[in-house]
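Subject: Handover of a structure

Hello,

I am passing this structure on to you. Please look through it first and then read the notes below it.

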Amino acid sequence: STGDTVETSAPLEPHVVGIHAHPDPTDFKAMKCYWSLRPESSNTDHQIAIAVEVKDDWREMIEQSATYARAQWRGAAHRAFSLVIGVHHKENKLRFLIFHSGGLTASQPLSLKDETGKLLIQKILFSIYSWQSPEDAGFPSFTDGCSFHLGNDKDTSLEWKVEEIYHHALSVRGRKTWVARLAVTTNNEVADDNHLTADRGPATVNTVGHGSKSKAAPQDATKGDNINSALGRLAISGTKQNPGNPSSEPLVEDAEPIYQRRYHQHGCEFIQHRILFLKSGKGPKRGEKCTIKLSNPSEAKRTLEAEVYAASRGAFGTPSTLLAFEAVTKDGSTLSNAIFLPSPNDTQKSANLLGLTHGTLDAGAAERRSFCGIMSSDEGQSLEECDTPWDLSVCLLHGMLGWLSYYQAGYFHRDVSIGNILKLKKPASREAFRVSTDKILAPLTELADTQPYKDLQTSADTLKSQIQKIRDWGENEGSVEVQDCKAILTDCDMAAEVIGYFSKEHDGSISGTPEFMSIEARLALECGRAYVQSPIDDMESFYWTAVWATLNNAKFPSTTEREEEWKRCFDDSGASARIMVKYGINTLVSFDLPDRECSPFLAVMAPMLQKWWELLWKTNIQWSLAWKPVKAGPPLPKELLFHQFAYKLIPMYVVLLEGEKEGLQGFSRPEVAA
């Protein structure tokens, strides 16, 4: 078995591996193979270059090979593809399996017996031997995995080093989102590489995602990103977990998690990427830090997130975006998976994508995805790091105002989750939040005399009157122009344009992170039925984010088996399990259970969470009653209803916080027994 492993899995066991070095043939028993070698590796340790799987069933072979591809991406997150060789020992045939962000492209089965097949196999292997550059092997030239060379142009480009990896979404198909903190190491100078040796990764790596360092993080998946596809969520074979605690670390003693390594020794080159957004003003200086997000959005959404940030312009509760780009290669072509996809005239797209007979493994049509990046100046952390219940409650409010900032700019977020609301490490000065309905109401003036239009204006006016109260909760009390922002809502790659939303065709697909979807949206996802996501769904996602952050607070961890059980209900167990969490929290309040029955953090948060759910439930009923008569009608009344409810719940939340403020602020750290 391998000497390192993907988190929460047992070590993998490829049948054959290709390695970069020549082992001592007399010492095979002592030899260990690693997906990513560590600097202290011994002479008997070798890095896996290509894994080979041998089976008598192509489907099983693909599933097992996908685990090897995941392991390769864990060690080299930005590679364009992972190559695995599959051998069908009964048919005596071999396939080259190329996993990429759009799924899997496989060669035709090549015979290991006849001369033609053997010649074709040799030809492909020799083409691999001819690779001359990192790009030939699928690695971007502007990064080696530990450093980046980025900027608007060559004269102002900077060298950055990776200081900490916040999130790495492992998958064999999808966006493969990777988020890290970078620091400027040089300003038009040769990079000082003393901070990072050739085979050593960043000093700090947090790979379980969403800021959590102690548990498996939620899957960031959407139906629109093929949540139900066969390749979208393949389980890792050989997983061994503690049966008493399914979310605990695996029962593996001799294997370490795979760590990200430096991909190559060729250095980082400046590449003139396709700029999607560029913030005006002075750029970063030596020693300054930023957050970078790299992902592989679909063709239809490759520019979406940059467009959202350009429209919101760093408004309150949103990131301060520096640069957004679509990566290109040295020859100027888009860095994408297009080279692995069937041609437009190919009528066997599904078969070619999988290398199997049509219908054997349904993975949908080929997906073109390009490699995109977004840099922002904000340094954030998970809401799990909040110091007090009041701190968490205000961070959630600022996240809601960020949500409304996007909405007022014309975009509906649709993916509120624990990973997308970041508590800023230092409160950031932002232009004070302003309520503005001008843009979204401009196309709806003909409905100005209707009751929904008037209700919307009433809710907007209520929120305007509350803004000063919200400012007074911050550090810049009474400030009119500037306000301290404590949290931001990020990751807008699932957003939808609000204006004209119902004038376009919709397939009823559901976007978001399943563990934080509203109950209604999650039930629709589980049943496979079409569903219209509304602002009410996003507001409920804030509630479930609050519950998650409360149960998983890093400073005041859970103290009872009851809380551990509630946490496990979030591990993709479905909507019904989360309903039990809500009832459980309400029970804590209704029966006035003593603090010893739960963590002190939850004991203080529970009354607020109970009242918040009651508000959500009543508003959900109001939404259902209001939606029914307009559902089959023209687009504009439906759009107006969206706007009305977008402004409805945030003022309610502010009133709720005002009523619970004394209890939430009265939280004090429990005495620790000597």
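The notes below go from the overall picture to single residues.

This is a predicted model, in which local features need pLDDT of at least 70 and side-chain atom pairs count only at pLDDT 80 or more, while totals for chains, interfaces and linings use all residues. Residues are numbered from 1 along each chain as its sequence is written, and side-chain values use heavy atoms, with hydrogens and water left out.

Overall picture

The protein has 14 helices and 22 strands. Both are DSSP runs numbered from the N terminus: helices are H or I with at least four residues, and strands are E with at least two. Of its 674 residues, 55% count as buried. Buried here means under 20% relative accessible area, exposed means over 50%, and partly exposed lies in between, with a 1.4 Å probe and protein chains only. Contact means heavy atoms within 4.5 Å. Among contacts in the protein with a separation of 6 or more, 77% are between residues 24 or more positions apart.

Strand β17 covers residues 372–376, and five of its five residues are buried. C372, I374 and S376 point one way from the strand, while G373 and M375 point the other way. Two strands count as paired if DSSP finds at least two bridges between them. β15 (residues 289–295) pairs with β17 in the antiparallel sense over five bridges, and T291 stands opposite S376. β16 (residues 321–326) also pairs with β17 in the antiparallel sense, over five bridges; here A324 stands opposite I374.

Helix α3 (residues 304–312) has the buried residues L304, E305, A306, V308, Y309 and S312. These pack against β14 (274–278), β15, β16, β17, α5 (389–408) and β19. Just after α3, R313 takes a positive phi of about 55°.

Strand β9

In β9 (residues 147–150), S147 and H149 point one way and F148 and L150 the other, and all are buried. β9 pairs with β10 (residues 158–168) in the antiparallel sense over four bridges. L150 stands opposite L158 in β10.

Loop residues

The loop between β21 (482–489) and β22 (496–497) holds D491, and D493 is found in that loop as well. D491 has a positive phi of about 55° although it is not a glycine. Its relative accessible area is 12%, so D491 is buried. D493 is buried too, with a relative accessible area of 6%. D493 and L304 are 189 residues apart in sequence, yet their C-alpha atoms are 6.2 Å apart in space. Leaving aside its neighbours within four places in sequence, D493 is in contact with R175, K293, K301, L304 and E305.

R414 lies in the loop between β19 (411–412) and β20 (421–431). Its phi is near 70°, a positive value in a residue other than glycine. R414 is buried, with a relative accessible area of 11%.

Helix α12

Helix α12 (residues 600–630) has 31 residues. The expected span of a helix is 1.5 Å times one less than its number of residues.

Aromatic rings and charges

Rings of Phe, Tyr and Trp (its six-membered ring) pair if their centres lie within 6.5 Å; planes under 30 degrees apart count as stacked, over 60 as edge-to-face and the rest as tilted. By this rule there are 34 aromatic pairs. In one of them, the rings of Y543 and W544 have their centres 5.0 Å apart and their planes at 80°, so the pair is edge-to-face. Y543 is buried at 0% relative accessibility, and W544 is buried with a relative accessible area of 1%. One aromatic cluster is formed by W403, Y407, F412, Y501, F502, W623, W627, F642 and F645.

A charge sits over a ring if NZ of Lys or CZ of Arg is within 6 Å of the ring centre and within 35 degrees of the ring normal. The charged end of R578 sits over the ring of W544, 4.9 Å from its centre. The charged end of K582 sits over the ring of Y583, 3.7 Å from its centre.

Regards
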